[in-house]
Amino acid sequence: MTVFFVAYFAVLSHPRFPVTVVPELALDRAIPFSPGWVLPYFSLWVYVSLYPSLLTERRELVHYAVAAIGLSIAGLAIFFFWPTVIAQPAIDWTQYPSVAFLKTVDAAGNVCPSLHVAFAAFTACALQRLLIETGVARACRWLSLLWACAIIYSTLAIKQHVTLDVAAGLALGLGVGAVHSRSLRRSTSKFVQDRRCPQPVGGR
């Protein structure tokens with residue numbers, strides 16, 4: 001995360017190409033600004049930590065790390081070659097200290113795709129697979145999905161992103177999630193097969 005944020009803010013602070021303003025859609029204008037949603041927004045960092053903390057095998061952790069790094073590199077590459085911002089709404093941020101702090105630290109740049117949304121979607125996919133495989137109660141799986149949805153909605157409710165950012169972030173996160181799931185299934189299948197058919201001693 002530390003390496004990611006160093007790269008993220010470097011790209012944000014020093015755009016090398018013309019910056020594009022991502023337009024609002026009707027949905028963006030229909031969603032009111034709600035400062036209380038800043039808590040679900042910040043909860044992403046707890047949510048994304050859940051999946052790797054539940055893994056018990058190094059093989060699974062390596063697959064997760066590769067997927068997370070790949071998602072980060074893809075997002076940062078897009079931000080580098082296509083820097084984007086959103087138009088700031090006419091809101092006095094000083095009246096909302098928690099949101100004002102976010103706006104100060106993370107200016108409304110590097111917005112499309114939303115990596116906040118992408119990581120929430122990717123983590124939701126990974127957690128669903130893990131919770132199903134381990135036989136966790138369905139209520140926990142729904143709680144995970146609702147948490148991810150709350151994080152995604154929060155990006156719109158606190159006016160940190162617009163609908164197009166969210167849509168692009170969902171596409172990126174779900175795409176990486178699908179590749180990660182398929183790669184992990186193949187790895188698991190090979191791992192199980194190797195355990196069932198160990199190589200003879202001496203290679204005979």
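Biologist: How do you know that there are zero disulfides?

Modeller: A disulfide is a pair of cysteine sulfur atoms within 2.5 Å, and a search of the whole structure finds zero. Take Cys140: the nearest cysteine sulfur, that of Cys149, is 16 Å away, so Cys140 is in no disulfide. The sulfur of Cys149 has its closest cysteine sulfur in Cys125, at 11 Å, and that's too far for a bond. By the way, this is a predicted model, where local features need pLDDT of at least 70 and side-chain atom pairs count only at pLDDT 80 or more, while totals for chains, interfaces and linings use all residues. Residues are numbered from 1 along each chain as its sequence is written, and side-chain values use heavy atoms, with hydrogens and water left out.

Biologist: Why is Cys140 called partly exposed?

Modeller: Buried means under 20% relative accessible area, exposed means over 50%, and partly exposed is in between (1.4 Å probe, protein chains only). Cys140 has 38%, so it's partly exposed. Cys149, with 48%, gets that label too.

Biologist: What makes Phe4 and Phe119 an edge-to-face pair?

Modeller: There are 17 aromatic pairs in the structure. Rings of Phe, Tyr and Trp (its six-membered ring) pair if their centres lie within 6.5 Å; planes under 30 degrees apart count as stacked, over 60 as edge-to-face and the rest as tilted. The centres of Phe4 and Phe119 are 6.2 Å apart and their planes are at 70°, so edge-to-face it is. Phe4 sits in helix 1 (residues 2-13) and Phe119 in helix 7, so the pair ties together parts 115 residues apart in sequence. Helices here are DSSP runs (H or I, at least four residues), numbered from the N terminus.

Biologist: And why is the pair of Tyr8 and Phe79 called edge-to-face?

Modeller: Their ring centres are 6.2 Å apart and their planes are at 80°, so that pair is edge-to-face. Tyr8 is in helix 1 and Phe79 in helix 5, so parts 71 residues apart in sequence are tied together. Tyr8 is buried at 8%, and Phe79 is buried at 1%.

Biologist: How do you know that the span of helix 7 agrees with what it should be?

Modeller: The expected span is 1.5 Å times one less than the number of residues. For the 19 residues of helix 7 (residues 115-133) that should be 27 Å, and the end C-alpha atoms are 27 Å apart, so it agrees. Helix 7 is also mostly covered, with 16 of its 19 residues buried.

Terms used
Helix = DSSP H or I, 4+ residues; strand = E, 2+ residues; numbered from the N terminus.
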